[in-house]
Amino acid sequence: MRPAVVLFSGGLDSSTCLAIAKEDGFAPHALAVRYGQRHEHEISAAVRVAAALGVPLKIVTLDLRAIGGSALTADLEVPKDAPIGAGIPVTYVPARNTILLALSLGYAETLQAQDLYLGVNAIDYSGYPDCRPAFVEAFESLANLATAAAVEGRARYRVHAPLIAMTKAQIVQRGVRLGVPYALTHSCYDPDAEGRACGRCDSCRLRAQGFRDAGVPDPTVYTPR
């Protein structure tokens, strides 16, 4: 099977994306990035899910806290119970998907892989600019201009974003069909010390609504209110 690199956080969307890459017939290599996000629960979830799906996982570390500018990488409060989609929220990490996809592209070139998978969604999402189809298309064009493999004619890169036009409920339903272990995933921006989800940030609320709309029991462990 041909290799592919899946940008992977251990969350609901990226775990579904990883399973779809397998269904598409690729041998996926998951890439998780410890970029200075608020907590380590995301990385722990990535390790759990990759192991459960039998996919090799590489973890890369870089420091986006040095840049800051986000509630996920600076000492800013994560908004709770705020309107979703009313502007770009403070949980947006400046240029995050551009930076992380660039790492995925470099990893793909070393693996001689030509396919990148990204679990972005532009339907039920917080309004991040780097989750839109235009971004995915632009990065694919960049990948084919910026790499030795593409310039020398050894590769033609493609960025797959299979969830981009799906509702969260459709994503959950697809993942259930593919056997995604959602109980092992983590989506919360501001979990407690035990890793329990807050239930109030954008990510928690979108996730919970997705399970409700899909008619699937929500396996998320929430902090008692």
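Modeller: Let's start with V55, which sits in the loop between α2 (41-53) and β3. Before going on, a word on the ground rules: this is a predicted model, where local features need pLDDT of at least 70, side-chain atom pairs count only at pLDDT 80 or more, and totals for chains, interfaces and linings use all residues. Numbering runs from 1 along each chain as its sequence is written, and side-chain values use heavy atoms, with hydrogens and water left out. Helices (H or I, at least four residues) and strands (E, at least two) are DSSP runs, numbered from the N terminus.

Back to V55: its relative accessibility is 7%, so it counts as buried (under 20% relative accessible area; exposed is over 50%, partly exposed lies in between, with a 1.4 Å probe and protein chains only). Skipping residues up to four places away in sequence, V55 touches L18, K22, P28, H29, A30 and A50, where a contact means heavy atoms within 4.5 Å. T110 is another matter: V55 and T110 are 55 residues apart in sequence, and their C-alpha atoms are 17 Å apart.

Now zoom out for a moment. The chain has 7 helices and 5 strands, running β-α-β-α-β-α-β-α-α-β-α-α along the sequence. Its radius of gyration is 17 Å, which agrees with the value near 17 Å for a compact globule of 225 residues (taken over C-alpha atoms; the rule is 2.2 Å times the number of residues to the power 0.38). Along the principal axes, the C-alpha atoms fill a box of roughly 55 × 40 × 30 Å. Buried residues account for 50% of the 225. Of the contacts with a separation of 6 or more, 71% are between residues 24 or more positions apart.

α3 has 16 residues and spans 23 Å from its first C-alpha to its last, close to the expected 22 Å (1.5 Å times one less than the number of residues). Its buried set is R96, N97, L100, L101, S104, L105, Y107 and A108. They are on the same side of α3 because they cover an arc of only 165° around the axis, the arc being that of the directions from the helix axis to the C-beta atoms. Just past the end of α3, Q112 takes a positive phi of about 60°.

Next comes α4, with 14 residues and a reach of 20 Å, close to the 20 Å expected. Here F135, V136, F139, A143 and N144 are buried. Those buried residues fall within an arc of 165° seen down the axis, so they line one face of α4. E137 and L145 are exposed on the other side. The cover over the buried residues of α4 includes α3, β4, α5 (148-151) and β5 (158-160).

The whole structure has 4 aromatic pairs (rings of Phe, Tyr and Trp, the latter by its six-membered ring, with centres within 6.5 Å; planes under 30 degrees apart are stacked, over 60 edge-to-face, the rest tilted). One of them is F135 with F139, a tilted pair at 6.3 Å centre to centre and 45° between the planes. Both lie in α4, 4 residues apart, about one turn of the helix. F135 has 13% relative accessibility, so it counts as buried, and F139 is buried at 4%. Y182 and F211 make an edge-to-face pair, 5.7 Å centre to centre with 85° between the planes. That pair links distant parts of the chain, 29 residues apart: Y182 is in the loop between α6 and α7, F211 in helix α7. Y182 counts as buried at 5% relative accessibility, as does F211 at 2%.

The loop between α6 (168-178) and α7 (202-214) also holds H186, buried at 10% relative accessibility. A polar atom of its side chain lies 3.1 Å from the backbone oxygen of C188. Leaving aside neighbours within four places in sequence, H186 is in contact with G10, G11, H39, H41, E42, A45, P191, G195 and R207.

Note on methods. A polar contact is a pair of N or O atoms within 3.5 Å; within protein, one must be able to donate a hydrogen and the other to accept it, and residues adjacent in sequence count only if both atoms are side-chain atoms.
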